[in-house]
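Please look over the sequence and the structure shown below. The paragraphs that follow begin with a single residue and then widen to the chain as a whole.

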Amino acid sequence: MKKKYTCFTLLLVAAALLIFFAFGIAVTRDNYQTEAENTIRDITAVCAAHYTDPGSAVAGMPQDVRLSVIAADGTVLADSVQKNVAGMENHGDREEILAAAGGHPATVVRYSASLGNTMVYYAERVDTADGYVFLRAAIPVQTVRSYVTKTVPFMVTVMAVVLLVSALICGVFMGNLLDPIRTVGQNLAAVRTGEYHPVLPDFPDDEINRIVCEINDISATLQKTLRDAETEKLRLDYILD
């Protein structure tokens with residue numbers, strides 16, 4: 001019984017830890033994405049406020065930021081990563097461009113095949129002297145892969161320590177819980193031979209002590225009944241003989 005309940009407790013603790021770690025990873029992923037979305041909005045707003053021409057807009061962009069200037073018809077006019085924009089496909093059907101064109105700019109997260117990374121995109125419409133253009137910025141979303149890689153050893157260590165401590169505590173607790181039952185069981189077995197000795201109710205738990213006292217009373221009554229029955233049997237045997 002002790003092993004059964006100890007294993008059950010350890011499985012319960014391990015499941016709780018795994019749920020906790022999974023929740024932490026999910027929260028971290030959401031935080032990374034939220035941070036990227038806020039950053040991309042700020043970058044686009046600054047670039048839009050200082051926009052003069054396509055070439056100047058994309059010049060001097062940080063390495064982890066991709067800025068594109070896109071014409072009203074979806075043609076890419078300039079790009080901070082791809083210098084030769086002539087061969088780039090039309091971007092008029094991209095979600096972020098459609099959102100900006102509709103007057104409701106929104107962040108869009110998707111995988112970029114050309115960059116080989118998950119990116120968050122955001123575009124704003126900027127009015128110019130001869131019409132308007134779209135400024136589209138993109139930055140990579142830091143994935144949870146690096147976070148998991150760094151924290152897995154820590155998680156395993158924490159889980160091992162917690163399980164070890166839980167096993168020790170559970171062992172002590174189950175020992176304190178089962179020892180009275182084991183002691184009472186051994187003494188009850190002695191009732192049959194008339195050698196029952198009351199168990200001293202000095203256990204840490206008052207409820208267990210109360211149960212032990214009741215078992216002592218029942219065992220004493222049972223033992224007396226058995227002795228009386230044995231005495232009566234001997235008397236009858238004597239009379240019959």
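**A buried aspartate and its partners**

With a relative accessibility of 3%, D79 counts as buried, where buried means under 20% relative accessible area, exposed over 50%, and partly exposed in between (1.4 Å probe, protein chains only). The model is a predicted one, in which local features need pLDDT of at least 70 and side-chain atom pairs count only at pLDDT 80 or more, while totals for chains, interfaces and linings use all residues. Residues are numbered from 1 along each chain as its sequence is written, and side-chain values use heavy atoms, with hydrogens and water left out.

D79 lies in strand β2; helices (H or I, at least four residues) and strands (E, at least two) are DSSP runs, numbered from the N terminus. What does the side chain of D79 meet in a salt bridge? The partner is the side chain of R66, at 3.0 Å from N to O. This pair links distant parts of the chain, since D79 belongs to strand β2 (residues 76-79) and R66 to strand β1 (residues 66-71), 13 residues apart. A salt bridge is a side-chain nitrogen of Lys or Arg within 4 Å of a carboxyl oxygen of Asp or Glu. R66 is also buried, with a relative accessible area of 9%.

A polar contact of 2.4 Å joins it to the side chain of S68, and one of its polar atoms lies 2.8 Å from the backbone nitrogen of V81. A polar contact is a pair of N or O atoms within 3.5 Å; within protein, one must be able to donate a hydrogen and the other to accept it, and residues adjacent in sequence count only if both atoms are side-chain atoms. Apart from neighbours within four places in sequence, D79 is in contact (heavy atoms within 4.5 Å) with V58, R66, L67, S68, V85 and M88.

**Other charged residues**

Side chains of opposite charge can pair when their charged atoms come close. A search of the whole structure finds 6 salt bridges. One of them joins E89 and R94, whose closest N and O atoms are 2.2 Å apart. Of these two residues, E89 counts as exposed at 52% relative accessibility, whereas R94 counts as buried at 18%. E89 and R94 also belong to a network of salt bridges that includes D93. Another salt bridge is formed by D127 and R125, with 3.6 Å between the closest N and O atoms. D127 counts as exposed at 57% relative accessibility, and R125 as partly exposed at 43%.

Which charged residue is buried yet has no salt bridge? It is E37, for which the nearest side chain of opposite charge, R41, is 4.4 Å away; in this count Lys and Arg are positive and Asp and Glu negative, while His and the chain ends are not counted. E37 is located in helix α1 (residues 2-49). Its side chain makes a polar contact of 3.4 Å with the side chain of T107. Leaving out residues up to four places away in sequence, E37 touches T107, V109 and V120.

S112 is placed in strand β3 (residues 108-112) and counts as buried at 6% relative accessibility. Beyond residues up to four places away in sequence, S112 touches N117, M119 and Y121. The C-alpha atoms of S112 and P140 are separated by 9.3 Å, although these residues stand 28 residues apart along the chain.

I169 is found in helix α4 (residues 144-189) and is exposed, with a relative accessible area of 54%.

**The chain as a whole**

The protein chain has 5 helices and 5 strands, and from the N terminus on its elements run α-α-β-β-α-β-β-β-α-α. Buried residues make up 31% of its 241 residues. Among contacts with a separation of 6 or more, 49% are between residues 24 or more positions apart. The chain exposes about 15,500 Å², of which carbon and sulfur atoms supply 62%; accessible areas come from the Shrake-Rupley method with a 1.4 Å probe, and for residues only the protein chains shown count as cover.
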